[in-house]
Amino acid sequence: MLRYLMQRIGLAALVCVAVSLLAFTLLNASGDVAIAVAGEEATAAQIDAIREDLGLNRPLPVRYVEWLGQAVQGDFGDSLFFRQPVAELIAHRLPNTLTLAVMSLAVMLALSVPLGVAAALWPNTLIDRAAMLVAVMGQAMPNFWFALILIVVFSLTLGIAPPSGSATLGHFVLPAIALGYYSTPPMMRLIRQGMIEAMSSDYIRTARAKGIPTWKIVFKHALRNAVIPVVSLSAVQFGNMLGGSVVIETVFGIQGLGFLAWESISRMDLPVVQAVLLIVAIFYVVMVLLADFINAWLDPRIRIQ
Amino acid sequence: MTAPVLSVRGLTVDLPKSGDRPHAVRDLSFDIHPNEIVCVVGESGSGKSVTAFTAMGLLPKALKPSAGQMLFEGQDLLKMSRRAHGALRGKRIAMVFQEPMTALNPCFTVGDQIEEIFKAHTNLSKAERKAKTMALLEEVRLPDPPRVYASFPHQLSGGQRQRIVIAIALAMDPTLLIADEPTTALDVTTQAQILSMFKTLKTTHNAGILFVTHDFDVVAEIADRVVVMQKGVVVEQGPVEEVLNRPQHPYTRQLIAAVPRKRDGAAPVLDEEIALRVQGLEKTYHVAGTLTKKPRTVHALHPADFTVRKGETLGIVGESGSGKTTLVRCLIRLLDPDDGAIWIGNRNFAEGSRDSLRAARKDIQIVFQDPYGSLNPRRTIGEQLIGAPMNFGVGRDVAWERARRLMKIVRLEEEALYRYPAQFSGGQRQRICIARALMVEPKILIADEAVSALDVSVQKEVLQLLADIKRDMGLTILFITHDLRVAAQICDNLIVMSKGRIVERGTVDDVFGNPQDAYTRQLLGAMPGRGWEAPDLTGAPH
């Protein structure tokens with residue numbers, strides 16, 4: 001088991017390095033930072049000066065090693081636009097994004113697990129269809145539009161939730177619902193499929209033959225088996241919520257990582273983009289790693305050979 | 001006699017409207033007394049499992065009991081609320097299933113899964129539950145109970161898992177134990193152990209046992225009374241001695257006549273010409289190390305030598321893991337052997353790339369175990385049959401003509417060529433598979449467990465068909481099976497394999513009459529129903 005953990009961790013570290021390398025080279029190949037910083041009116045000499053100033057004239061590998069060396073120590077350089085350390089910018093935004101992602105994940109699981117289980121227990125009935133309808137709606141509606149509806153109903157009409165900002169946890173409720181609902185359908189389908197499979201398996205028949213109460217069969221024996229792929233998908237979804245929440249962050253005026261990345265890309269603020277990319281990637285890898293460990297804990301066939 | 005544990009009276013279970021008959025079982029009546037094993041025997045679709053599941057209250061939703069009674073200790077199980085029936089399950093009525101590999105939840109330890117039944121039905125403390133679980137593991141004779149207790153199902157063998165399922169069934173000391181083909185998925189030596197365990201349990205637990213099986217040898221081994229079912233109806237029941245030796249109903253007689261038995265008669269006279277010579281054939285698997293496993297080497301096949309003469313049927317017998325499948329796969333080069341030669345005529349089939357063997361492949365053909373998976377469901381039988389000869393340059397018309405002729409040989413209608421696999425039964429499909437193999441007029445036919453998935457009466461027909469084809473076409477057959485009885489019935493010579501080695505070879509009479517190897521003796525000793533000679537039913541009055 002320990003070996004399994006160590007190998008997974010080693011592999012994850014390798015992935016992070018690979019992502020950083022890819023991010024660094026691709027971003028530097030995508031445009032000339034010096035031109036972007038200098039602005040449209042700048043002369044060639046000015047651009048050269050900026051290039052010199054930022055160290056952009058040195059070979060890419062050298063810059064990469066230097067950047068990575070500093071990044072490992074938490075120093076991502078200064079933002080070209082904000083003129084302040086990138087680390088500070090991120091430290092300011094990351095909590096917002098993390099809060100949003102965690103709450104969205106909670107909303108997603110709170111919706112998809114009961115819906116999926118209910119649909120699986122009564123397949124092809126009205127319950128199943130209703131659950132599927134809820135899920136399909138989530139997938140079909142553009143999430144910014146759903147977010148706007150939430151604001152109209154709960155903030156403007158009912159006045160029970162703040163429409164924008166990130167001052168309190170309450171501010172995250174509507175965005176989390178919008179983002180979580182959007183990620184629900186694939187999860188719900190996965191749970192439904194897993195539960196249908198589990199409920200028709202031989203070991204469930206054995207459990208019935210033992211006279212175990214139905215609720216225990218469903219929630220102990222079947223769900224434990226059905227939930228294993230769900231953990232992996234949750235990790236991926238969490239990664240998506242970190243990086244892909246730009247739209248929701250914009251609608252609800254949350255200063256988050258996604259928003260920061262989007263702004264910085266349009267400004268060619270490379271140090272920020274690189275840092276955000278790396279951090280999101282690391283979170284992603286860590287989540288997948290965590291999912292592997294949770295699965296190993298849930299499924300003895302992974303843990304013990 | 002004491003009052004019966006279970007008394008079934010006029011039980012009728014309806015099938016859904018789409019079924020091939022209106023009732024899964026109809027007007028079924030029988031009794032099970034304490035300390036008695038009642039075997040319900042029948043072929044697939046006879047309703048024997050439906051009967052077992054009705055008693056457990058575990059019928060699929062589509063099936064509904066519509067008439068009759070199932071009296072368990074005086075209460076009618078059919079009129080009971082679901083909750084009341086559920087309370088009996090596991091406690092007073094317990095069940096053992098056919099497939100031990102999947103019968104246990106992979107996520108929980110064996111100890112957990114046994115203790116759970118005490119949690120559901122008693123107020124025992126944790127320590128008491130554990131003590132009882134340990135005692136059960138002892139009772140079902142599992143080695144090293146503390147280790148098994150902490151094991152997960154995937155760490156145990158099929159036989160061990162079945163013992164766990166039996167332990168769960170025995171936990172609450174039920175008065176009625178239902179076993180649905182509990183040994184069908186097991187190797188014959190494991191089967192013998194489990195069967196002897198059931199015989200012991202009958203007396204130690206004073207339980208009534210309803211034992212569902214399709215195998216008359218198993219019946220002979222353990223039953224006190226027998227209920228024979230056909231298409232949902234009981235055709236005959238009575239004491240085991242009576243039913244096995246003096247069967248009255250034609251169907252029972254047919255089933256008993258189909259029980260595979262060693263043929264009597266002189267040793268076969270075989271052609272001198274050698275059809276297949278295998279020399280030093282060897283296969284070793286090198287399992288690469290994964291993240292968590294060390295790399296290891298498995299000698300699936302130690303150097304094997306044997307010859308098969310033209311027109312001979314050679315049986316290759318072995319239990320799971322004996323290397324017989326590896327041998328077959330090497331023979332037809334689905335696997336590349338590490339070393340050795342396979343001479344078919346003047347050609348070494350072990351040499352050359354798989355591509356270069358293409359033309360030679362028509363000399364050696366195979367029929368696989370699973371008649372359902374072996375045919376493409378979306379193409380007609382005819383299209384599938386003519387494919388092979390057309391690959392070897394035979395014209396379409398000639399191929400069709402051959403397909404028509406083969407349909408006659410395998411005793412199917414010519415119209416079968418225009419239908420799809422789903423329209424045939426298992427036995428019919430296996431005959432189609434045989435026809436398919438014969439389409440290229442091979443010299444050697446390999447039957448890899450080709451009758452193992454079939455009902456006995458169908459199995460008998462297919463075996464007869466193979467014997468007839470062999471005689472008429474001068475075919476050489478390699479008959480791969482785990483079942484010594486079937487091998488004895490059709491083969492001229494036998495090879496017994498164990499752990500990748502050939503441990504015994506000789507004529508059927510030699511192997512059965514004078515086995516040399518300890519493993520062969522063990523295998524022969526484990527065959528069920530040895531005390532019973534199936535009566536000769538030819539010519540007896542109906």
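This is a predicted model: local features need pLDDT of at least 70, side-chain atom pairs count only at pLDDT 80 or more; totals for chains, interfaces and linings use all residues.

Student: What percentage of the contacts in chain A between residues at least 6 apart in sequence join residues at least 24 apart?
Tutor: Chain A has 305 residues, of which 38% count as buried. Among its contacts between residues at least 6 apart in sequence, the share that joins residues at least 24 apart is 70%.

Student: Which element gives the largest share of the side of chain B that touches chain A?
Tutor: The contact takes 29 residues from chain B and 22 residues from chain A. On the side of chain B, the elements that give two or more residues are α2 (82-88), β6 (93-96), α3 and α6 of chain B. The largest share, four residues, comes from α3(B).

Student: How do the residues on that side of chain B divide into nonpolar, polar and charged?
Tutor: This side of chain B contributes 29 residues to the contact. They divide into 16 nonpolar, eight polar and five charged.

Student: Which are the edge strands of the open sheet of six strands in chain B?
Tutor: The sheet has the order β6-β7-β8-β3-β9-β10 (chain B), with mixed pairing.

Student: In β10(B), what is the bridge partner of B:Val226?
Tutor: Strand β9 (residues 225-230) of chain B is joined to β10(B) by six bridges, and the two strands run antiparallel. In β10(B), the partner of B:Val226 is B:Gly238.

Student: Why do the buried residues of α4(B) line one face of the helix?
Tutor: The 14 residues of helix α4 (residues 126-139) of chain B should span 20 Å at 1.5 Å a residue, which agrees with end C-alpha atoms 20 Å apart. The buried residues are B:Thr133, B:Leu136 and B:Leu137, whereas B:Ala127, B:Ala131, B:Ala135 and B:Glu138 are exposed on the other side. What covers the buried residues includes α3 (110-121), α5 (145-150) and α6 (158-170) of chain B. Seen down the axis of α4(B), the buried residues line one face because they fall within an arc of 100°.

Definitions and conventions
Residues are numbered from 1 along each chain as its sequence is written. Chains are lettered from A and ligands numbered from 1 in the order in which they are written. The expected span of a helix is 1.5 Å times one less than its number of residues. A residue is buried if 20 or more other C-beta atoms lie within 10 Å of its own, exposed if 12 or fewer, and partly exposed in between; C-beta atoms are placed from the backbone. The arc is that of the directions from the helix axis to the C-beta atoms. Two residues are in contact if their C-beta atoms, placed from the backbone, lie within 7 Å. Ala, Val, Leu, Ile, Met, Phe, Trp, Tyr, Cys and Pro count as nonpolar, Asp, Glu, Lys and Arg as charged, and the others, Gly among them, as polar. Two strands pair if DSSP finds at least two bridges between them.
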